[in-house]
Amino acid sequence: MALQQTAVKKEKDDKPKVMKGYELLVQSLIDEGVKHIFGYPGGVLLDVYDELYRTPELNHILVRHEQGATHAADGFARVTGKPGVVLVTSGPGATNTVTGIATAYMDSIPLVVLTGQVPSKLIGFDAFQEADIVGITRPITKHSYLVKDVNDLSRIVHEAFYIAVSGRPGPVLIDLPKDVLNEKGVLTRKEDVDIEGYKPVYKGHSRQIQKAAELINQAERPLIYIGGGVIMANASQELQKLAERGNMPVTATIHGLGSMPANHELFLGMVGMHGTWTANTAISECDVLIAIGARFDDRVTGRVNSFSTKSKKIHIDIDPSCISKIIKVNIPIVGDAKDIIPEMTKLIESKQRKPWINSIKEWKKEHPLQYKVSDGFVSPQYVIEKINDLTGGDCIVAVDVGQNQMWTAQYFGFNQPRSFLNSGGLGTMGYSLPAAIGASFGAKGKTVFAICGDGGFQMNMQELATAARYNVPVKIIILNNEYLGMVRQWQQLFRGARYSHTWIKQGTPDFAKLANSFGIEAYKVTKQDEVESYLKKAMKVNDKPFLLEFKVPPEENVYPMVPAGASLSEMITGSEK
Amino acid sequence: MKRHTLSVLFKNKYNALPRITGLFSGKGYNIDSMSFGFGEEPEFTRMTITSVGDKNIIEQIAKQLHKLVDVTKVTDLTEQPFVERELALIKVNAPQTNRSEIMQLANIFRAKIIDISPRSVTVEITGKREKVDAAMGMLEQFGIVEVARTGSVALKREYQSKV
């Protein structure tokens, strides 16, 4: 076969290595530089796990549910920029990864998901623990493979790693039938993978960059709007230089946070539904909008036809299908932010833009983020601020979805890229704990927090066992408001305060006791003035998990808020009535 | 809402086809016709897809098609001159009394009779979709028993006049 020949050809220096499929798999993972695998064993993976038993250099982290494995790999990938690796068995093992894969797909996170499959001859026969996982995950993977010939196995692994991280990153799935894993085949070493038809564009079109620079130079009120793409491209420093050279304020999507230091004079905070007053107003008032690595998500734009109507738009993105998808742009530039931003910086004039900068300063002063303190409760925003103070922002924060996520985005002053992990695209509850666990393995000693609500925590709380088992030094912060807070907030504002099925106090466990039963030190904090001392206590524990539950006001809301489908200028600030 | 004709060149590897069709269904769109076979090089397959829809959405689908790892080229032929053919096999009720009339009709459409039985004939017709539609319209009076159509195959017209 042709494929076999290329494999042999690449091995011309020494004899082609022939190994069993499971050995090929493990060897090619090692060749890819993989150190950690998040997984869960099962019937069809017996041989692979047997091989792992003999391969101590591959650190396999046993989770307690396959969804946890995908979120952990996702957290690892967000922190390191390397693909997170997941290994699960066929059937239910594979289907349990679906939410995690979709989460990663929506946020362009590189994962390589290895799923066991029933033997080739049984595929399609409703075999025990069979599921068509390639079919199931087709719309939520960047690419996927079913390994039919053992000689393709290691080449496919290398291709998968390349596809996962290159261009716009995303999850890649490899389905591994049991029999193929047990056949002998030829090892393909990691080479520069050349996949015909797959050629991500990195370099921006110079004429387009020129045109964009000209537009920026004429602008009086330019605004840079960044997304996760800037962080993924490792272009945060380049971005800061661009902003400073042109005195251009910067706003970020939830995934762009950390790219520009929060306390930077030119930074306006987050944009969109729960964005700052200043950022949302600047979007509406700017005359040139420079979108970089952002995709004009509906949570950012609000009502599309009233989004930034006074501006001409430049859009830099590595994914051509993101350009003019939602908002028509005047100057599209396809390529890598890391390449394009410096090119553009060279061409733009250093300008003061005093009137624009002054009005932004005024807005910031007049409309800061603010919250009220309620007696007898801990303010969730205060907890976030305190964590920021105590760590100096030098930590990694994984959040869940909903109010806890938005408060963290608003009140934690992210000043480092790859420090804020959250499921912004899919909005997956239960993300924070496993993601924080995964992140810990790539955090290089940085403190890792998992901040969640009482609802989200209960969606993946089984991973407390993983944290306990590996002494993962993750600090778990539960902001307990006894509700599914964000949905309750919508019910309060838009459904006449009819709290249909959002009150979850009944049945919710005592989190501290629960954690204790896993052998995890944990406390319940009910007073605002105790927050700091408990957080300090948590900060002292660096060799195992630690859990703090905070009793926060049940009906605390996230403000400002742009109602779904409204224009960004129609913000509710919470001080109405 | 207009009918769009897309030409896609891709490697017909495992799962490539559902990935292509999935981009249409994922947008809530239907594929009206789809035909494919080996292209100019045997390792590549050329597919012609027609779908009715909003121009922006089709453009979005075309961009996403192009992103697929196994896809090398995507062209929306709709806005440019292109040649298009479809082949149809139409089985028509044809008792003795109607046969000569059916054969005459087939001649007008430059169609061929490729099968005959005591009760029916099968007509093979090639042409633009509209021509096939017209032929079917004319044959309907005799009673159409079965139809198999390939859907459009299309290529860009190489000589593009300015007029």
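These notebook entries record what I looked up in a predicted model with chains A and B.

**Entry 1: ground rules.** Because the model is predicted, I noted that local features need pLDDT of at least 70 and side-chain atom pairs count only at pLDDT 80 or more, while totals for chains, interfaces and linings use all residues. Residues are numbered from 1 along each chain as its sequence is written, and chains are lettered from A and ligands numbered from 1 in the order in which they are written.

**Entry 2: chain B as a whole.** I looked up the secondary structure of chain B and found four helices and nine strands; helices (H or I, at least four residues) and strands (E, at least two) are DSSP runs, numbered from the N terminus. Read from the N terminus, the order of elements is β-α-β-β-α-β-β-α-β-β-α-β-β. The C-alpha atoms of chain B fill a box of roughly 55 × 45 × 35 Å along the principal axes. Of the 163 residues in chain B, 26% are buried, where a residue is buried if 20 or more other C-beta atoms lie within 10 Å of its own, exposed if 12 or fewer, and partly exposed in between, with C-beta atoms placed from the backbone. I then looked at contacts, which need the C-beta atoms of two residues, placed from the backbone, to lie within 7 Å. Among contacts in chain B between residues at least 6 apart in sequence, 73% join residues at least 24 apart.

**Entry 3: H2 and H3 of chain A.** I followed helix H2 (residues 21–31) and helix H3 (residues 46–53) of chain A, whose axes come within 9 Å and cross at roughly 50°; axes are lines fitted to C-alpha atoms, for helices over the stretch in contact, and angles run from 0 to 180 degrees between N-to-C directions. The angle makes H2(A) oblique to H3(A), because angles under 35 degrees count as roughly parallel, over 145 as roughly antiparallel, 65 to 115 as roughly perpendicular and the rest as oblique. Tyr22(A), Glu23(A), Leu25(A) and Val26(A) in H2(A) meet Asp47(A), Val48(A), Glu51(A) and Leu52(A) in H3(A). The residues of this contact divide into five nonpolar, no polar and three charged.

Entry 4: The axes of helix H17 (residues 380–391) and H18(A) come within 9 Å and cross at roughly 50°, which makes H17(A) oblique to H18(A). Here Pro380(A), Gln381(A), Ile384(A) and Glu385(A) in H17(A) meet Trp407(A), Thr408(A) and Tyr411(A) in H18(A). I then turned to helix H22 (residues 485–494) of chain A, where the buried residues are Gly485(A), Met486(A), Arg488(A) and Gln489(A). They cover an arc of only 155° around the axis, which puts them on the same side of H22(A); the arc is that of the directions from the helix axis to the C-beta atoms. These buried residues pack against helix H18 (403–411) and strand S17 (447–453) of chain A.

**Entry 5: single residues.** Leaving aside neighbours within four places in sequence, Leu289(A) is in contact with Leu223(A), Tyr225(A), Ser308(A), Ser311(A) and Lys313(A).

Arg418(A), which is not a glycine, has a positive phi near 60°, and with 22 C-beta neighbours inside 10 Å it counts as buried. Asn15(B), also not a glycine, has a positive phi of about 75°, and with 19 C-beta neighbours inside 10 Å it counts as partly exposed. Lastly, I found a cis peptide bond joining Tyr559(A) and Pro560(A), with omega about 0°, and Pro560(A) sits in the segment after strand S20 (546–551) of chain A.

Conventions: Nonpolar A, V, L, I, M, F, W, Y, C, P; charged D, E, K, R; others polar.
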